[in-house]
2 protein chains.
Amino acid sequence: MIKISTEELASIFKKHGLKLTTQRLAIYETLLKRKDHPTTENIYKSLINDYPTISLGTVYSTLHLFKDLGLIQELNFSDGNIRYDPNTKVHINLVCSKCGNITDYNNEKVKEVWQLIISDLKIKPKGQRIDLYYECEKCKRD
Amino acid sequence: MIKISTEELASIFKKHGLKLTTQRLAIYETLLKRKDHPTTENIYKSLINDYPTISLGTVYSTLHLFKDLGLIQELNFSDGNIRYDPNTKVHINLVCSKCGNITDYNNEKVKEVWQLIISDLKIKPKGQRIDLYYECEKCKRD
DNA sequence: GTAACTGCAAACGCTTTGCACTCCC
DNA sequence: GGGAGTGCAAAGCGTTTGCAGTTAC
């Protein structure tokens, strides 16, 4: 996980002529704090108590901005949910096919094989997404 | 790729008390014929000439049905497109991040590592999705 | 000061729903 | 013959858009 400090974030924004607003900072911190790959709605609800005037539109546009800057990854799922992951490195998303909950799984072998594939294909990768669907312990009990 | 014959398809449908209609057969054959992981709209447009009365609603419900039967995989992307893949086995989707075009890539090492991960995690996999984003040759030229 | 950003509300577009008609088994 | 499936049109709803007011720099 790439944890970017407020200073680094400010520098990235400045470089692109963008403003680091209270809302943008709050959204980024929420993304880092939550480990569950929240949806736009999740983030909005997380923030509405501390920032009563924040709008859903702002959360949408901010997440798009973060995606375009390469700070986060957007994960669209079959259940219609769009979830956001601040981890843009090669890793596996362990996704419960019932409740949709996601946990990250890091594995060295995966990274090695990924490098092999990239050199085999002779391509310049722009990103990746590796999902493993299963039924989580909580859903198994229900 | 699992290529299911009309007879096998009929048997699967019968087992579930479902009818194998002309439309369902045509949609399944279109999915197999096209190698580009078409969207709902793509499939609809592919069929409208040969089946002038087919409706978009039918294509939607049929694709959902196929997904529920495990015959195909639904791939939701950041650009808002939902694409369908009749290959449900472990493979890599090479996705162009510009035009969205997808080609399948089969690699033995990936399958081996996938097996390792599954035994490591001690889970029963329900499916997977492995995307590699890059810029395709066609988009590079433009 | 000013250009970028926010909040609000209206518009948009893909997907789902409801229902009468049709057709597979 | 009967119930599942289709086609059509309307409804639904997550997301985007437009714009006046606000804020970071």
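What follows is a set of questions and answers on a predicted model and the contact between its chain A and chain B.

Reader: How many residues does each chain bring to the contact?

Author: Chain A brings 33 residues and chain B brings 33 residues.

Reader: How much area do chain A and chain B bury between them?

Author: The two chains bury about 2,700 Å² between them. Carbon and sulfur atoms hold 66% of it. On the chain A side, A:Arg129, A:Leu132 and A:Tyr133 supply 20% of the area buried against chain B, more than any other three residues.

Reader: Why is area used to describe an interface?

Author: The size of an interface is often given as the accessible area lost when the parts come together.

Reader: What makes the pair B:Glu135 and A:Lys126 a salt bridge?

Author: Their side chains meet at 3.5 Å, N to O. The cut-off is 4 Å, between a side-chain nitrogen of Lys or Arg and a carboxyl oxygen of Asp or Glu. Lys gives the nitrogen and Glu the oxygen, so the pair qualifies.

Reader: How do you know that A:Lys126 and B:Glu135 join two chains?

Author: Look at where each residue lies. A:Lys126 is in the loop between helix 5 and strand 5 of chain A. B:Glu135 is in the loop between strand 5 and helix 6 (137-141) of chain B. So the pair joins two chains.

Reader: Which of A:Lys126 and B:Glu135 is buried or exposed?

Author: A:Lys126 has a relative accessible area of 52%. Exposed means over 50%, so A:Lys126 is exposed. B:Glu135 stands at 16%. Buried means under 20%, so B:Glu135 counts as buried.

Reader: What other salt bridge does B:Glu135 make, with B:Lys98?

Author: The side chains of B:Glu135 and B:Lys98 meet at 3.3 Å, N to O. That is within 4 Å, so the pair is called a salt bridge. B:Lys98 lies in the loop between strand 3 (92-96) and strand 4 (102-105) of chain B, so the pair ties together parts that are 37 residues apart in sequence. B:Lys98 is exposed, at 58%.

Reader: Which residues are linked with A:Glu135 in a network of salt bridges?

Author: A:Lys98 and B:Lys126 are linked with A:Glu135 in that network.

Reader: How many salt bridges are there between chain A and chain B, and how many over all chains?

Author: Between chain A and chain B the count is two. Over all chains it comes to 14. One of the 14 joins B:Arg129 and B:Asp131, at 2.8 Å, N to O.

Reader: Are B:Arg129 and B:Asp131 buried or exposed?

Author: Both values are under the 20% cut-off, so both residues count as buried. B:Arg129 stands at 3%. B:Asp131 stands at 0%.

Reader: How many residue pairs are in polar contact between chain A and chain B?

Author: The count is 12 residue pairs. Strand 1 (73-76), strand 3 (92-96), helix 5 (108-121) and strand 5 (127-134) of chain A each supply at least two residues of the side that touches chain B. Helix 5 of chain A gives the most, with nine residues. The residues of this side divide into 17 nonpolar, seven polar and nine charged.

Reader: Why are strand 5 of chain A and strand 5 of chain B called a pair?

Author: Seven bridges join them, in the antiparallel sense. Pairing needs at least two bridges, so the two strands pair. A:Leu132 stands opposite B:Gln128 in strand 5 of chain B.

Reader: What makes strand 3 and strand 4 of chain B a pair too?

Author: Four bridges join these antiparallel strands. At least two are needed, so they pair. B:Leu94 stands opposite B:Thr103.

Reader: Why is A:Ile123 called buried?

Author: A:Ile123 has a relative accessible area of 19%. The cut-off is under 20%, so A:Ile123 is buried. A:Ile123 lies in the loop between helix 5 and strand 5 of chain A. Not counting residues up to four places away in sequence, A:Ile123 touches A:Ile118, B:Leu132 and B:Tyr134.

Reader: Why is B:Thr40 called buried?

Author: At 7%, B:Thr40 is under 20%, so B:Thr40 is buried. B:Thr40 lies in helix 3 (residues 40-47) of chain B. Residues touched by B:Thr40 include B:Leu56, B:Val59 and B:Tyr60.

Key
Residues numbered from 1 in each chain as written. Chains lettered and ligands numbered in written order. Predicted model: local features only at pLDDT ≥ 70, side-chain atom pairs only at ≥ 80, totals over all residues. Heavy atoms only, no water. Contact = heavy atoms within 4.5 Å. Buried area = accessible area lost by both parts, 1.4 Å probe. Polar contact = N/O pair within 3.5 Å; in protein donor to acceptor, adjacent residues only side chain to side chain. Nonpolar A, V, L, I, M, F, W, Y, C, P; charged D, E, K, R; others polar. Buried < 20%, exposed > 50% of the residue type's maximum accessible area, 1.4 Å probe, protein only.
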